[in-house]
Structures are given as C-alpha cells and as structure tokens.
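Biologist: Hi! Could you walk me through this one? I'd like to start with the ligand.

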Amino acid sequence: MTQALYRKWRPRTWDDVIGQEHVVRTLRNAIRADRVMHAYLFAGPRGTGKTSVARLLAKAVNCLAEDAARRPCDECAHCRAVNEGRFLDLIEIDAASNTGVDDVRDLRDKINFTPSQGQYKIYIIDEVHMLSTAAFNALLKTLEEPPAHAIFVLATTESHKIPATVLSRCQRHEFRRLPVSEIVARLKHIAQAEAIEADEDALTLIARQATGSLRDAISLLDQLASTGERITLSLTQTVLGTTTQQTVIELVQAILDGRPQRGLEQIHHALDAGADARALARQVVEYLRAVLLIHMGNGGQVETTAEIKERMENHAHAFSLKAILRMIRAFNAAATEQRGGWHPALGLELALVESLDATSSGSETVMEETPRSAPKAVAPQPSSAVASAARKAPASKPSPPTGEAGSEVERSGEPPVVSLEKVAAAWKSIRALVRPQYPAVDGLLNSCTLLEVRGDVLVLGFSSPVVMEKMDKPEQIAIARRAIAQVLGVDLNIRCVLTQNKGQIPPDVKRDGMVAAALQAGGEIVDVQETRVSRSQEGEQHG
Ligand SMILES: Nc1ncnc2c1ncn2[C@@H]1O[C@H](COP(=O)(O)OP(=O)(O)OP(=O)(O)O)[C@@H](O)[C@H]1O
Ligand SMILES: [Mg+2]
Ligand SMILES: [Zn+2]
C-alpha cells in the first residue's frame, strides 16, 4: 500500500463526484457554455469534495478534449499533468500554513504572467479563512481586477470568517455533508475494488462515524483495512474506541510539546467526526486522572492496555504534579460547565489554552535552571521535550530507550539483513503507512537521514538533538518498526544518532553516550521539578 486510499480515490471526472449535484451541474454547464467565472468560493464541511471539485475545474478549463461537454477528459496531456501534480498553471495555496500570506503576496506579483502550459491559471486557496487581514486585502486587489487568464477557487470550512468584500466577488457554492447511504455505497465500491473484505453493518458504522465527510470515512476504511483482518462490526467498534483514546493521548502530547495548533486540530477533528465535546472532555479527565495516579506512585490502580499505560507513564513523568492538577481542573470544567453550550468546542479550547499555560511557565523554569539548556528566548517546545526525556531517568535505571537496539549495534561486523537502498526505496511507502494514524511520527521520519543498516539495525541520523529525542522513544520506534516490517517484511531495530553534517555520523558521537548524558542530567532536573512546582504556585498567586 503506497498511497492513502482517500487520495487514490480522488474524483477524476465529474461523474466520480458523489453528491454535490447542484455544484457539479452549475460548473459543468459553465464549462460547456464557456462561461467560467473568475472567482469561486467553495464552502462546506471538511472532506466533502471542495478541493477535489476545484481540481476538476482546473482540469476542465485546460482540458484539450475537442468536445467541451467531455471536459475534463482525464486522458489528455493537461488532465494527466493535473492528476500527477505537475501542471504548472494550477497553483495550490494552503492559507493555513505559514507561507500562505507570502504566497498571496507573491501571487499578486506573478498573476499577470500568462499561463505557461494551459489556457487558464487556476489558483486554489485552501482554508482561505485563515488568511490575515493583510493577505485578504492583497487578495481583494487581485479579485477586483483579475486578468482574463486567471481563475480563483477559494475553499473554506468556515465561510462566516470571510470578509464580505471578498464574498461579494465570488460565485458561492455550498458543499453538503454526504448522507450515510451514499457514503456506504462509496465505501462498498472502494472495498470491492481494493479487495477489502468488509461487512455491511461495519461500513454503516464507519459512515455514521464520519458524519458526512467522505474523506474521513475512506480514511477509517483504510485504517481498518490495514489490520489485514476482515472488517467486521466488532473490529470496527474496537478500532473506533481506540481512535478516541488516541485523540486524548495526542491532545495531552500536544500540551506537553507546547503545540497549541496541534491540540486544536485534535479537538476539532474529533468534534467534526461526531464526538461529543463534553464526553471528550470527560475522557481527557479520565486519562489525566490515571496519569495523576501513576505520578503519585499508584499506577497499580490503573487498568488499561499495556500500550496506553506506557503513554500514561511517559506523561506522568513528563508533567509536574501542579501541571497535572491544573489540567484536570481545566478539562473537568469543560466537562461539567455550561460555558461551551452554544459553541461546542469552546470549553475544550479554553481548557487546552489553560493547560498550555500551566505547562509552559514550568518549562521556562526548567530552562533557567538547567545548566545544559538553551537560552531563555527559545520556544517552550524543545525544552519540554528535552525535559521530558531527561526526567524519565529516575524512574528506571539508565538503559537505552530503544531497549534491545543497544546490544545489537555492537555487532557492527554483521552484514545488513536488508540493503540501505531497499529501505530508502521503500521509505515513502513506510511513511505513507504511518501517516494517517501517526502524523507526528511521519514528520520525524521525514526529518532524518537514512545512514546505514548494520546487521538488523537501521541507523537514522538527526541533525537536531530535539528532533532526535522525539523519535528516540520506545513508542515512536515501535510505530516505525511495525511499518517497516509491514512494507519490507523484515524486523529492523532502530537506532537514532546525531549527525553534524547531513549524512555523516560523527565518529565521536555515540548514541549511548548521548543518552547517558541526558539521563545524568535528568537527575538534576528532577530537583528543578520541585522548584518548578513552587514557582508556578507563586505565578498563580500573582496572576
Ligand atoms: N463529494 C465527493 N465525491 C467523491 N469523493 C469525495 C467527495 N468528497 C470527498 N471525497 C473523498 O475524500 C477525499 C478528500 O476530499 P477533498 O480533499 O475534496 O475534501 P475537501 O472538502 O477539500 O476537504 P477539506 O475541507 O478538509 O480540505 C477525496 O480524495 C475523495 O477520496
Ligand atoms: Mg480541501
Ligand atoms: Zn483532458
């Protein structure tokens, strides 16, 4: 499996689009009559076909088929170029990314150049509501007098955030959530084509869970199919239950890493997928309660799977007592109070912000007082990662986090069980397998260099110690190992090393030495943890 199913099943012609008949009809007619507008706004919930239809429009206006009614033909050179993502006159801008604003400015400078390949330049601006006021103004200038060869498609899940001045210049199309029956029909079709065995009641549950988003439904199918088992109702129920648990864990991890954006994503994704806000908040409280028990040394009372318990233990060591208590209070308020009543996400968002606040002040303290630490100006993220890795130390005796990898490595004379070239060739597929469920691990696997295979140990090089520490955790390693085993059919141990220059293992850096140093530092940091508690207490009195 090299490509996520939902990508593979992106509509390639108008007939492939499920639902959204009103949108498709209008656009098809416009193509046939050669009356395409210069600006469109596609509004609607996630995963309902906005980007897909925008790309179909880009294909259609540049399609080389003689008969306008057949465009996009999906066969001509231009259609194929769009499919393969190498059509120069299709420019996709993700307003949610940092570069969005610059891209819009850049767009204004370049827009007057004529198309290089096709007849029209198409600009798809995804998540357009995320643009800053400055970027909106820049966009507006362009929308006021678009050159004849330019077509804009603005896509958004939150059209109420788009300024009226921009709205008034676009032809607006509402994308609707897809009904369960249509999602089930699509899932059946995909399952059959992909030779995935699935029961009807399981597909119905998947479709319900997706609450109108076909992408979410297809992703769930993908996730279930990757188990390799027949997709039954009970398997689906189990996996869906774990998915919510996964959301909770990722949310807590985002707080630990000081990544508000990631935390918000987890919340919104869960709510979009049909989770109840207060129920989710309750689950976070339950999770944190277990973390608290472990932190207090009462881990024996916590009953859960070994995998989840391991995450809880990591979190129990990484957060201070004070931070855990504040987080529990914050999420408990979200679970019980009415304040989020009219806006389901609000209570959770407030709890997230409060939790981030509870942890970030603490990590600053750690930085000030840790001799090895970076200067104070550094963002909280790296410090909490380093601190968390280091603070694990006293709980266990200093052994390499990857367990058996340490001893294997010494047998360096052994021939590789699989060639580095083979691993490199499969790397994309390995990452694709990891991505849907563990985007963070995928990101880590994207930031390392494949250095060598020694015996059955794959050596990954990292140029940043912070990134390396993130990867060098048993749970992350296990995820990567599983994916590697699935794609290559060999069980490789993984060893993470620091590289100075790309692709070079510095002869003097031994991973075990690094870890030992980090663990030693851990002993000191634990003392700081005490300080950290009193510091933040102090902070609360003043604030
Ligand atoms: N209406 C649809 N018809 C057919 N496939 C769809 C439809 N909507 C979504 N899909 C499936 O979901 C995938 C993602 O859809 P798409 O990217 O078009 O959604 P979107 O509305 O742009 O979502 P987002 O708001 O999250 O960007 C597609 O590749 C396709 O597999
Ligand atoms: Mg999209
Ligand atoms: Zn074509």
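This is a predicted model: local features need pLDDT of at least 70, side-chain atom pairs count only at pLDDT 80 or more; totals for chains, interfaces and linings use all residues.

Biologist: How many residues surround ligand 1, and which are the closest?

Modeller: There are 23 residues around ligand 1, and the closest are R10, G49, T51, S52 and R215. Helix 1 (5-8), helix 3 and helix 10 (214-225) are the elements that each give two or more residues to that shell.

Biologist: And how do the residues of the shell divide into nonpolar, polar and charged?

Modeller: Eight are nonpolar, eight are polar and seven are charged.

Biologist: Okay, back to helix 3. Why is helix 3 said to be largely enclosed?

Modeller: Because twelve of its 13 residues are buried, helix 3 is largely enclosed by the rest of the structure. The buried ones include S52, L56, L57 and V61.

Biologist: Nice. What do the buried residues of helix 3 pack against?

Modeller: Their partners are helix 2 (21-32), helix 4 (77-83), and strands 1 (39-43), 2 (90-94), 3 (121-126) and 4 (150-156).

Biologist: New topic: how many residues has the largest nonpolar core?

Modeller: It has 42 residues, and F42, L57, I125, V153 and L154 have the most contacts inside it. Helix 3 (residues 50-62) supplies the largest share, seven residues. Another core, of 38 residues, lies apart from that one and has I255, V284, F319 and L348 among its members.

Biologist: What is I125 in contact with, leaving aside neighbours within four places in sequence?

Modeller: I125 is in contact with I93, A95, F152, L154 and A155.

How values were computed: Residues are numbered from 1 along each chain as its sequence is written. Chains are lettered from A and ligands numbered from 1 in the order in which they are written. A nonpolar core is a set of buried Ala, Val, Leu, Ile, Met, Phe, Trp, Tyr and Cys residues joined through C-beta atoms within 7 Å. A residue is buried if 20 or more other C-beta atoms lie within 10 Å of its own, exposed if 12 or fewer, and partly exposed in between; C-beta atoms are placed from the backbone. Helices (H or I, at least four residues) and strands (E, at least two) are DSSP runs, numbered from the N terminus. Two residues are in contact if their C-beta atoms, placed from the backbone, lie within 7 Å. A residue is near a molecule or strand if its C-beta atom, placed from the backbone, lies within 6 Å of it. Ala, Val, Leu, Ile, Met, Phe, Trp, Tyr, Cys and Pro count as nonpolar, Asp, Glu, Lys and Arg as charged, and the others, Gly among them, as polar.
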